[in-house]
Amino acid sequence: ALRATSISDDTWIVLRDEHPASYAYLCAMVGRKLTDEEALSLVEYASTSTYDDGRGLVIWSIGQMGLISALDRLDANRDTYAAQG
């Protein structure tokens, strides 16, 4: 995907739904914008997804995208996220 000249919207949807950590990573690498809410939902989904156990990669990606307020919200709720696994 990083070498592709374009990625269809349908492909982005499948990536987000089936591989949330990979989706977040690709967004960070190709400059695809996410809202704080989208980013935080990816953290939660990556924590519970049977396909992808990449909560750390999602958090790294959020940092790479400069979503500082999302990271602050994660920090404020870290006990909740720690309890999730």
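Residues are numbered from 1 along each chain as its sequence is written, and side-chain values use heavy atoms, leaving out hydrogens and water. Because the model is predicted, local features need pLDDT of at least 70 and side-chain atom pairs count only at pLDDT 80 or more, while totals for chains, interfaces and linings use all residues.

**The overall picture**

The protein chain holds 6 helices and 0 strands; helices (H or I, at least four residues) and strands (E, at least two) are DSSP runs, numbered from the N terminus. Read from the N terminus on, the elements go α-α-α-α-α-α. Among the 85 residues of the protein chain, 33% count as buried. Buried means under 20% relative accessible area, exposed over 50% and partly exposed in between, with a 1.4 Å probe and protein chains only. Of the contacts (heavy atoms within 4.5 Å) in the protein chain with a separation of 6 or more, 60% link residues 24 or more positions apart.

**The core**

In soluble globular proteins, nonpolar side chains tend to be buried together. A nonpolar core is a set of buried Ala, Val, Leu, Ile, Met, Phe, Trp, Tyr and Cys residues joined through side-chain atoms within 4.5 Å. Here the largest nonpolar core has 18 residues, and Trp12, Tyr23, Leu34, Leu42, Val58, Ile62 and Leu67 touch the most other members. At least two residues of this core come from each of helix H1 (9-18), helix H2 (20-30), helix H3 (36-48), helix H4 (55-64) and helix H5 (68-76).

Apart from its neighbours within four places in sequence, Trp12 is in contact with Ile7, Tyr23, Leu26, Cys27, Val30 and Arg32.

Helix H3 contains Val43, which is buried with a relative accessible area of 0%. Val43 lies 15 residues from Val58 in sequence, and their C-alpha atoms are 5.9 Å apart in space. Ala46 is also found in helix H3 and counts as buried at 0% relative accessibility. Between the C-alpha atoms of Ala46 and Ala24, 22 residues apart along the chain, there are 9.8 Å.

Two packed helices are described by the angle between their axes and the distance between the axes. Axes are lines fitted to C-alpha atoms, for helices over the stretch in contact, and angles run from 0 to 180 degrees between N-to-C directions.

| Pair | Angle | Axis distance |
|---|---|---|
| H1 and H2 | roughly 130 degrees | within 5 Å |
| H2 and H3 | roughly 145 degrees | within 8 Å |
| H2 and H4 | about 20 degrees | 8 Å |

Angles under 35 degrees count as roughly parallel, over 145 as roughly antiparallel, 65 to 115 as roughly perpendicular and the rest as oblique. H1 and H2 are therefore oblique to each other. In this pair, Trp12, Leu15, Arg16 and Glu18 of H1 meet Pro20, Tyr23, Leu26, Cys27 and Val30 of H2.

H2 and H4, in turn, are roughly parallel to each other. Their contact joins Pro20, Ala21, Ala24, Tyr25, Ala28 and Met29 of H2 with Leu57, Val58, Trp60, Ser61 and Gln64 of H4.

For H2 and H3, whose axes cross at roughly 145 degrees, Pro20, Tyr23 and Ala24 of H2 touch Leu42, Tyr45 and Ala46 of H3.
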